[in-house]
Amino acid sequence: MKSVFALAVLSSAQMSFAACADNQTSRWITEMIKARAGQGAFPAPTSGGECQASQVSGGPTSSVCSWEFDYRADAAAMLMDGFLETLQTCFDVQEIAPDQQVNHPDSYDLHQLEVGETMVSVSLKDKAALTKTYIFLRFEPAN
């Protein structure tokens with residue numbers, strides 16, 4: 001499934017820092033960071049994506065959004081790149097070395113960024129057996 005939102009994120013991320021306040025993706029990320037983890041379910045900024053609260057046993061509650069695409073669809077990589085570009089352009093971030101332990105996807109790309117007191121994780125996972133590619137965006141309290 002192709003996401004029109006992926007194209008919007010990519011093109012809107014190619015902006016100056018001053019334009020970030022007018023960027024829909026930047027505003028949505030700001031709201032997710034403010035709500036940060038466990039404040040209920042959040043609407044994703046696109047049809048085809050969904051957000052929900054999630055908690056690892058004994059760990060902090062986080063908000064996780066996901067998008068499903070056809071296997072290795074260009075739109076999935078564009079969405080991930082757009083999220084990263086928006087985060088790096090519009091927010092004061094520090095990239096963290098990611099933990100690469102995964103549950104055997106065909107390929108996996110994870111970026112973790114600290115935005116103030118919030119850890120934002122952006123990941124792309126290819127699953128050949130399911131013929132799907134997934135983008136995940138997680139917001140949780142930073143350590």
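Visitor: What makes the contact between the side chains of Arg-72 and Asp-126 a salt bridge?

Guide: A salt bridge needs a side-chain nitrogen of Lys or Arg within 4 Å of a carboxyl oxygen of Asp or Glu. For Arg-72 and Asp-126 the N to O distance is 3.2 Å, so the pair falls within 4 Å and gets the name. Arg-72 sits in the loop between E2 and helix H3 (74–90), and Asp-126 in strand E5 (residues 118–127), so this pair ties together parts that are 54 residues apart in sequence. Helices (H or I, at least four residues) and strands (E, at least two) are DSSP runs, numbered from the N terminus.

Visitor: Before we go on, what sort of model is this?

Guide: It's a predicted model, where local features need pLDDT of at least 70, side-chain atom pairs count only at pLDDT 80 or more, and totals for chains, interfaces and linings use all residues. Residues are numbered from 1 along each chain as its sequence is written, and side-chain values use heavy atoms, with hydrogens and water left out.

Visitor: What makes Cys-51 and Cys-65 a disulfide?

Guide: The rule asks for a pair of cysteine sulfur atoms within 2.5 Å, and here the sulfur atoms are 2.0 Å apart. The torsion about the S-S bond is about 110 degrees, so this disulfide is right-handed. Cys-51 belongs to strand E1 (residues 49–55) and Cys-65 to strand E2, so the pair ties together parts 14 residues apart in sequence. Cys-65, at 0%, is buried, and Cys-51, at 11%, is buried too.

Visitor: Which residue does the side chain of Gln-112 join in a polar contact?

Guide: Ser-121, at 3.3 Å. A polar contact is a pair of N or O atoms within 3.5 Å; within protein, one must be able to donate a hydrogen and the other to accept it, and residues adjacent in sequence count only if both atoms are side-chain atoms. Gln-112 lies in strand E4 (residues 107–115) and is buried at 16%.

Key: Buried means under 20% relative accessible area, exposed over 50%, partly exposed in between (1.4 Å probe, protein chains only).
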